[in-house]
Amino acid sequence: MLRTSLSHSTMVETEFGDYMFCFDNTFSTISEKVIFFELILDNMGEQEQEQEDWKKYITGTDMLDMKLEDILESINSIKSRLSKSGHIQTLLRAFEARDRNIQESNFDRVNFWSMVNLVVMVVVSAIQVYMLKSLFEDKRKSRT
């Protein structure tokens, strides 16, 4: 059995095999979404069996200052910490990608509304120039 974490609080007992995950976008097919999916497998049971196999080939460990079990424990601790570090880096990359998408969207939105504001200002200034010219224009017909 594998214990799989599907979300922050959901743990599901599964069996060995192939699995397929489906993500549903029926809530809103118009807007785009960024999805981050995390799957944690807890399959330490089969690794323990593999770790026991090597012990039958080792003889004469009494002469060593440090026992092989201690070395194996240190290696497993390092492996576990490296795995956690890789997992945290993957999470940080996912957060960075999401934040970058938000930032680029905001950048495009700010540029669009800045251009709209610029066009409105140019149109208003042209109207003001026209209105001021019309105020000082002499509309009387002059006789010559």
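Helices in this description are DSSP runs of H or I of at least four residues, numbered from the N terminus. The model is predicted. In this numbering, helix H2 spans residues 68–136. Arg100 and Glu104 lie four residues apart in helix H2, so about one helical turn separates them. The two residues form a salt bridge, with 3.1 Å between the closest N and O atoms. Glu104 is partly exposed, because its relative accessibility is 37%.

The protein chain contains two helices and three strands. Read from the N terminus, the order of these elements is β-β-β-α-α. The chain has 144 residues, of which 6% count as buried. Its accessible surface amounts to about 13,800 Å², and carbon and sulfur atoms account for 59% of that area. When contacts between residues at least 6 apart in sequence are considered, 43% link residues at least 24 apart.

The salt bridges in the model number two. Besides the pair Arg100 and Glu104, a salt bridge joins Arg98 to Asp99, where the closest N and O atoms are 3.1 Å apart. Asp99 has a relative accessibility of 39% and is therefore classed as partly exposed. Arg98 is likewise partly exposed, at 39% relative accessibility.

The UniProt record, an unreviewed entry, lists residues 112–132 as "transmembrane region". In the model, residues 112–132 are 100% helix and 0% strand.

One aromatic pair was counted. It consists of Phe112 and Trp113, whose ring centres are 5.0 Å apart. The planes of these rings meet at 75 degrees, and since an angle over 60 degrees counts as edge-to-face, the pair of Phe112 and Trp113 is assigned to that class. Phe112 has a relative accessibility of 49% and is partly exposed. Trp113, with a relative accessible area of 52%, is exposed. The cut-off for the exposed class is over 50%, so Trp113 at 52% falls in the exposed class, whereas Phe112 at 49% counts as partly exposed.

A nonpolar surface patch of about 520 Å² is formed by five side chains, namely Val119, Val123, Ile127, Tyr130 and Met131. Met131 belongs to helix H2. The relative accessibility of Met131 is 47%, which places this residue in the partly exposed class.

Methods:
Residues are numbered from 1 along each chain as its sequence is written. This is a predicted model: local features need pLDDT of at least 70, side-chain atom pairs count only at pLDDT 80 or more; totals for chains, interfaces and linings use all residues. Side-chain values use heavy atoms; hydrogens and water are left out. Patches are made of residues with over 30% relative accessible area and no salt bridge: like charges are joined within 9 Å, nonpolar side chains (Val, Leu, Ile, Met, Phe, Trp, Tyr) within 5 Å. Accessible areas come from the Shrake-Rupley method with a 1.4 Å probe; for residues, only the protein chains shown count as cover. A salt bridge is a side-chain nitrogen of Lys or Arg within 4 Å of a carboxyl oxygen of Asp or Glu. Buried means under 20% relative accessible area, exposed over 50%, partly exposed in between (1.4 Å probe, protein chains only). Rings of Phe, Tyr and Trp (its six-membered ring) pair if their centres lie within 6.5 Å; planes under 30 degrees apart count as stacked, over 60 as edge-to-face and the rest as tilted. Contact means heavy atoms within 4.5 Å. UniProt positions are given in the numbering used here, feature names are shortened, and annotations may be inferred rather than shown by experiment.
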